[in-house]
Amino acid sequence: MIQCFVENSNTSIFKNNKLPKLIHVCKAEKKHNKFPRIMHKHEDMLEIVFIRDGRGTHIIGDKEYKTKKGDILIYNKNVLHDERSNNENYVSTYVCGISKLHLKGLSENQLNPDNIEPVIHSGEHFEAIESLFKIMYSEVFSNRKGVEKTCNYLMLSLISIVVRLVELSGNKKEEEEYELGQRIKKYIDENFLENLSIKSLSKELGISQYYLMHTFKDKTGYSPMQYIIKRKIGEAQNLLINTDYSITEIAESLGYDNPNYFNMLFTKTIGMPPGKYRKYLTSAQNS
């Protein structure tokens with residue numbers, strides 16, 4: 001028998017020793033890639049995504065990442081994220097949402113510093129991380145007595161491993177090459193519900209229409225108008241999932257006076273009409 005002793009010099013990584021809370025655990029299979037959650041963010045929590053199989057393309061913040069099996073994706077509070085899917089590439093994932101996380105030296109609901117890339121590889125910890133997610137998901141799905149306490153302890157183990165991997169990665173972000181692209185993106189993010197056009201953006205930012213389109217596409221992979229549509233459809237998904245607003249009310253809140261046009265854009269982007277999408281998500285959650 002080989003005994004391994006644990007040192008008792010452990011100090012808490014949490015500010016004021018206050019523990020975070022697990023909000024949700026999700027499991028996504030290949031079939032769910034047909035209806036991705038596009039450009040959106042969370043104001044009251046962060047998410048950890050673990051790719052257990054496949055390859056994909058993810059936008060986190062203002063950068064595109066080619067992701068693969070074993071990668072861990074960190075979506076800090078208020079960071080926009082988006083997943084691109086096609087028939088050739090797919091990702092199977094586990095996802096957990098965490099609130100009230102306050103690591104020492106970081107803002108609330110922030111798991112990695114701003115200067116560290118939000119995608120790290122699990123490496124030799126793949127099986128351990130997959131096991132933690134698998135047990136959490138199984139516990140939540142079973143709805144057995146004591147699930148919340150069990151899952152929160154498992155979440156703390158997950159956070160501990162991810163924090164260690166972040167510290168060891170040394171994977172710092174490159175200095176911004178396109179400050180103008182960042183300025184364009186910031187303006188669109190703050191005003192995407194307004195009636196924006198290439199002409200109005202060009203006038204507001206004081207640059208030519210051609211330069212605006214070229215710079216923004218280099219930075220994000222989208223044209224400005226494609227990005228605005230994705231922001232609006234991403235917001236529509238949030239409203240369909242989290243509110244009882246009618247499709248017409250949601251369309252109007254996003255600046256679409258014609259519900260039929262909104263339905264067409266949503267269907268083209270997501271792969272099904274908004275009403276069917278709401279029913280699909282509601283049925284999946286109930287089951």
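Guide: A residue is called buried when its relative accessible area is under 20%, exposed when that area is over 50%, and partly exposed in between, using a 1.4 Å probe on protein chains only. The model is predicted, so to speak of local features a pLDDT of at least 70 is needed, while side-chain atom pairs count only at pLDDT 80 or more and totals for chains, interfaces and linings use all residues. Residues are numbered from 1 along each chain as its sequence is written, and side-chain values use heavy atoms, with hydrogens and water left out.

Visitor: OK, then is Lys279 buried or exposed?

Guide: Lys279 is exposed, because its relative accessible area is 61%. Lys279 lies in helix α9, which covers residues 274–286; helices here are DSSP runs of H or I with at least four residues, strands are runs of E with at least two, and both are numbered from the N terminus. The C-alpha atom of Lys279 is separated by 9.3 Å from that of Leu240, although the two residues are 39 apart along the chain.

Visitor: How many helices and strands does the protein chain have?

Guide: The secondary structure of the protein chain comes to nine helices and seven strands. Of the 287 residues in the protein chain, 43% are buried. Among the contacts (heavy atoms within 4.5 Å) with a separation of 6 or more, 73% are between residues 24 or more positions apart.

Visitor: Switching to loops, where is Gly70, and is Gly70 buried or exposed?

Guide: Gly70 sits in the loop between β3 (63–68) and β4 (71–75), and Gly70 counts as buried because its relative accessible area is 1%.

Visitor: And what is Gly70 in contact with, apart from its neighbours within four places in sequence?

Guide: With those neighbours left aside, Gly70 is in contact with Phe50, Ile51, Ile120, His121, Ser122 and Phe126. For Phe126, which is 56 residues away along the chain, the C-alpha atom is separated from that of Gly70 by 6.0 Å.

Visitor: Back to helices: at what angle do the axes of α6 and α8 cross?

Guide: Helix α6 (residues 224–242) and helix α8 (residues 259–270) have axes that come within 10 Å and cross at roughly 95 degrees, and that makes α6 roughly perpendicular to α8. Axes are lines fitted to C-alpha atoms over the stretch in contact, with angles from 0 to 180 degrees between N-to-C directions, and 65 to 115 degrees counts as roughly perpendicular, under 35 as roughly parallel, over 145 as roughly antiparallel and the rest as oblique.

Visitor: Which residues meet there?

Guide: From α6 there are Ile229, Lys230, Ile233, Ala236, Gln237 and Leu240, which meet Phe262, Leu265, Phe266, Thr269 and Ile270 of α8. Sorted by class, the residues of this contact between α6 and α8 are eight nonpolar, two polar and one charged, where Ala, Val, Leu, Ile, Met, Phe, Trp, Tyr, Cys and Pro count as nonpolar, Asp, Glu, Lys and Arg as charged, and the others, Gly among them, as polar.

Visitor: Is Ile270 buried or exposed?

Guide: Ile270, in helix α8, is buried, with a relative accessible area of 2%.

Visitor: What about α4 and α5, at what angle do they pack?

Guide: Helix α4 (residues 198–205) and helix α5 (residues 209–220) pack at about 95 degrees, with axes 9 Å apart, which means that α4 is roughly perpendicular to α5. In α4, Ile198, Lys199, Leu201, Ser202 and Leu205 meet Gln209, Leu212 and Met213 in α5, and the residues of this contact between α4 and α5 divide into five nonpolar, two polar and one charged.

Visitor: Backbone next: what phi does Asn16 have?

Guide: Most residues other than glycine have a negative phi. Asn16, however, is not a glycine and has a positive phi of about 55 degrees; Asn16 lies in the segment before β1 (21–28) and is exposed at 60% relative accessibility. Asn78 also has a positive phi, of about 65 degrees, and is found in the loop between β4 and β5 (81–84), where Asn78 counts as partly exposed at 39% relative accessibility.

Visitor: Last one, is Glu139 buried or exposed?

Guide: Glu139, in helix α1 (residues 126–142), is buried, with a relative accessible area of 15%. Leaving aside neighbours within four places in sequence, Glu139 is in contact with Arg144, Val147, Thr150 and Cys151.
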